[in-house]
Amino acid sequence: MAGFEEWESFYVIVGAAAGALIGLQFVVMTLIAERPQLAAPDAGAAFATPTVVHFGAALLLSALQRVPWHEFETAALAWGLVGLAGTVYMVIVGLRMRRQRHYQPDWEDWIFHLALPLLSYAALALSALLAHAHPEEALLTVAAMTLVLLFIGIHNSWDTIAYNVFVRMRDSDS
């Protein structure tokens with residue numbers, strides 16, 4: 001379908017990166033889990049699990065953009081559902097962030113773990129609604145939000161790893 005062909009290389013690169021980073025996230029979490037005294041499942045549900053979801057959303061969006069859709073509106077519906085589901089999920093994540101007591105989020109955490117992902121998923125949903133009238137802008141929005149979700153996942157992975165290595169492991173050793 002016209003409009004999608006130009007994006008093939010972009011989504012192959014982004015999808016491959018998202019898939020590889022999902023695997024690395026599992027490896028890191030397995031290594032961190034070997035220190036049982038550091039277990040904090042409610043903090044994990046608020047901070048670690050959403051990171052894998054963002055990587056998964058980037059992978060899913062990359063795959064959806066490569067499907068040979070027969071109608072542009074069907075593709076828009078698919079990415080719009082990802083955006084809607086992500087928006088609802090981020091509301092749940094926000095509640096989890098407020099309820100967990102193992103870590104006090106700072107302003108950067110609220111931005112990268114809640115505000116940016118919420119805005120990204122909402123932009124996906126909104127772009128689907130506007131896709132018929134503005135197809136090129138909608139495709140650019142999907143590409144941009146896919147990349148934003150990938151970078152959010154990278155930031156949040158590093159943030160989680162750095163916190164566990166430099167703060168929690170140090171505190172448990174003393």
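This is a predicted model: local features need pLDDT of at least 70, side-chain atom pairs count only at pLDDT 80 or more; totals for chains, interfaces and linings use all residues.
Local features are reported only where pLDDT is at least 70 and side-chain atom pairs only at pLDDT 80 or more, whereas totals for chains, interfaces and linings use all residues. Residues are numbered from 1 along each chain as its sequence is written, and side-chain values use heavy atoms, with hydrogens and water left out.

**View 1. The chain as a whole.** The chain has five helices and zero strands, and its elements run α-α-α-α-α from the N terminus on; helices (H or I, at least four residues) and strands (E, at least two) are DSSP runs, numbered from the N terminus. Of its 174 residues, 40% count as buried, where buried means under 20% relative accessible area, exposed means over 50%, and partly exposed lies in between, with a 1.4 Å probe and protein chains only.

**View 2. Helix 4, its length and its bend.** The 24 residues of helix 4 (residues 107-130) should span 34 Å at 1.5 Å a residue, and the end C-alpha atoms are 32 Å apart, which agrees; the expected span is 1.5 Å times one less than the number of residues. Helix 4 bends by about 30° at Ala-115, with a proline, Pro-117, following within four residues; the bend at a residue is the angle between axes fitted to the seven residues ending there and the seven starting there. The buried residues of helix 4 include Asp-109, His-113, Leu-114, Pro-117 and Tyr-121.

**View 3. The start of helix 4.** A side-chain oxygen of Asp-106 reaches to within 3.2 Å of the backbone nitrogen of Glu-108, a pair that can be read against the definition of a polar contact: N or O atoms within 3.5 Å, where within protein one must be able to donate a hydrogen and the other to accept it, and residues adjacent in sequence count only if both atoms are side-chain atoms. Asp-109, found in helix 4, is buried with a relative accessible area of 2%. Asp-109 and Met-97 are 12 residues apart in sequence and 9.5 Å apart in space, C-alpha to C-alpha.

**View 4. The loop between helix 3 and helix 4.** Gln-100 is found in this loop and is buried, with a relative accessible area of 3%. The side chain of Gln-100 reaches the backbone oxygen of Met-97 at 3.4 Å, while a polar atom of that side chain lies 3.0 Å from the backbone nitrogen of His-102.

View 5. Helix 3 (residues 72-99) and helix 4 pack at an angle of about 155°, with their axes 7 Å apart; axes are lines fitted to C-alpha atoms, for helices over the stretch in contact, and angles run from 0 to 180 degrees between N-to-C directions. Helix 3 and helix 4 are therefore roughly antiparallel to each other, given that angles under 35 degrees count as roughly parallel, over 145 as roughly antiparallel, 65 to 115 as roughly perpendicular and the rest as oblique. The axes of helix 2 (residues 41-64) and helix 4 come within 12 Å and cross at roughly 25°, which makes helix 2 roughly parallel to helix 4.

**View 6. Val-93 in helix 3.** Val-93 lies in helix 3 and is buried, with a relative accessible area of 0%. The C-alpha atoms of Val-93 and Ala-45 are separated by 7.6 Å, although these residues are 48 residues apart along the chain.
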